[in-house]
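Subject: Structure handover

Dear colleague,

Here is the structure we talked about handing over. My notes on it follow below.

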Amino acid sequence: MTLRQTPEAIDWHALRELRDLFLAAEPVERPYWVSRDQLDAYDRTLGERIGWKWDAVLTELKARNWSPPSRKLTDFGCGTGIAVRRVLHAFPGAFDEVILHDHSAIAMGFARERIQAEHPGTPIRLGENEIPAEGVVLISHILNELPPEKLAELPEVLAKADALLWVEPGTMACSRALIAAREKLRATHTLVAPCPHQGACGLLLEENAAHWCHHFAPAPAHAHQDPFWGHFRREMNLEIGPVAYSFLVTDKTAKPDAGLSHLIGKPLRVPKYLRVLSCQESDIAELVASRRSGSVYRDLKGPASPALYKFERRKNRIVGGEWVGNGE
Ligand SMILES: C[S@@+](CC[C@H](N)C(=O)[O-])C[C@H]1O[C@@H](n2cnc3c(N)ncnc32)[C@H](O)[C@@H]1O
């Protein structure tokens with residue numbers, strides 16, 4: 001399938017309506033996908049930005065030496081299949097079956113075609129009408145759309161998965177819902193990311209009630225020069241990037257990492273120093289970095305993505321350390 005619309009041919013009005021529906025964050029009762037053109041327009045724009053979030057998550061998983069524990073890959077609420085395509089690209093040859101599930105038949109059909117076009121020969125099965133939890137389960141941007149009863153069922157069903165990769169918008173509500181799922185899943189799964197420890201989430205402490213676990217994925221450099229994305233920005237009134245996301249990765253058999261820190265949100269620039277909110281096994285703390293922190297200051301200032309570090313601390317000052325988001 002080679003359907004690709006020019007920016008002029010895209011129905012931007014319909015895309016803005018879709019954006020507004022997503023921002024409203026209300027449960028949706030019926031599928032809203034109505035045509036292949038609409039799915040294609042989503043896939044090139046809002047879906048592609050979600051792809052950048054997946055790229056950041058997958059980079060982090062590689063930096064943490066994670067690899068898929070099962071050869072089955074399931075996408076729940078697959079839409080156009082952007083999550084599956086990014087995962088197949090990041091782990092070539094790792095899967096021999098893809099299971100797609102969505103309450104929209106037209107979306108599943110579109111996702112299947114796109115996956116087959118990008119990853120020819122991948123066996124694809126369309127899931128039955130229940131929440132599937134086979135092998136490595138992907139969930140992407142579905143939290144806001146599920147009715148409360150389905151949302152409540154999720155952690156118990158997901159406990160059966162070998163691994164779970166779940167990416168959502170970087171809002172407080174989505175982060176808090178992921179934290180609630182995390183607290184249930186840590187009974188059966190190792191917490192792989194973003195968490196640097198296996199204990200209760202520090203954001204559940206009252207003193208951290210104003211914070212939420214979110215991160216920023218950069219847009220690829222070429223997008224900033226690409227006239228298509230200029231068109232997108234004007235039509236959609238959305239910045240190209242970085243895009244905010246929250247996520248959770250769990251795995252039944254993975255060994256937990258030790259000694260890492262994960263930043264929450266963006267570093268705050270103050271003249272001559274930076275303030276960062278950092279999560280580690282010992283605490284969630286506001287830390288201060290300056291030139292005296294050594295080479296890690298440059299990465300914090302960047303800021304580098306994914307925001308995974310090893311810090312040397314003296315109380316709340318970063319006195320050394322390194323960015324480990326590239327796995328080196
Ligand atoms: C915002 S889209 C995200 C699509 C895709 N996962 C992505 O990240 O681009 C949400 C998807 O969830 C699907 N969905 C919503 N409620 C659902 C339900 N109860 N069961 C299955 N799929 C559902 C929608 O049809 C839609 O494809």
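The centres of domain 1 and domain 2, taken over C-alpha atoms, are 27 Å apart. The model is a predicted one. Domain 1 covers residues 12-251 of the protein chain, and domain 2 covers 261-323.

Domain interface

The contact between the two involves 18 residues of domain 1 and 13 residues of domain 2. Together the domains bury about 1300 Å², and 72% of that area is on carbon and sulfur atoms. On the domain 1 side, P196, H197 and F216 account for 34% of the area buried against domain 2, more than any other three residues.

Two elements, α3 (46-63) and β7 (215-217), each give two or more residues to the side of domain 1 that touches domain 2. Of these, α3 has the largest share, with three residues. Sorted by class, that side of domain 1 consists of nine nonpolar, seven polar and two charged residues.

Ligand site

The ligand is surrounded by 19 residues, and the closest are W33, Y42, G77, D102 and S140. For S140, an N or O atom of the side chain is 2.6 Å from an oxygen atom of the ligand. For W33, the corresponding distance from a side-chain N or O atom to a ligand oxygen is 2.9 Å. The backbone takes part as well: a polar backbone atom of G79 is 3.5 Å from an oxygen atom of the ligand.

Salt bridges

Which residue forms a salt bridge with R85? The partner is E118, and the closest N and O atoms of the pair are 3.1 Å apart. In general, side chains of opposite charge can pair when their charged atoms come close.

Regards

How values were computed:
Residues numbered from 1 in each chain as written. Predicted model: local features only at pLDDT ≥ 70, side-chain atom pairs only at ≥ 80, totals over all residues. Heavy atoms only, no water. Domains from an automatic or database assignment. Contact = heavy atoms within 4.5 Å. Buried area = accessible area lost by both parts, 1.4 Å probe. Helix = DSSP H or I, 4+ residues; strand = E, 2+ residues; numbered from the N terminus. Nonpolar A, V, L, I, M, F, W, Y, C, P; charged D, E, K, R; others polar. Near = heavy atom within 4 Å. Polar contact = N/O pair within 3.5 Å; in protein donor to acceptor, adjacent residues only side chain to side chain. Salt bridge = Lys/Arg side-chain N within 4 Å of Asp/Glu carboxyl O.
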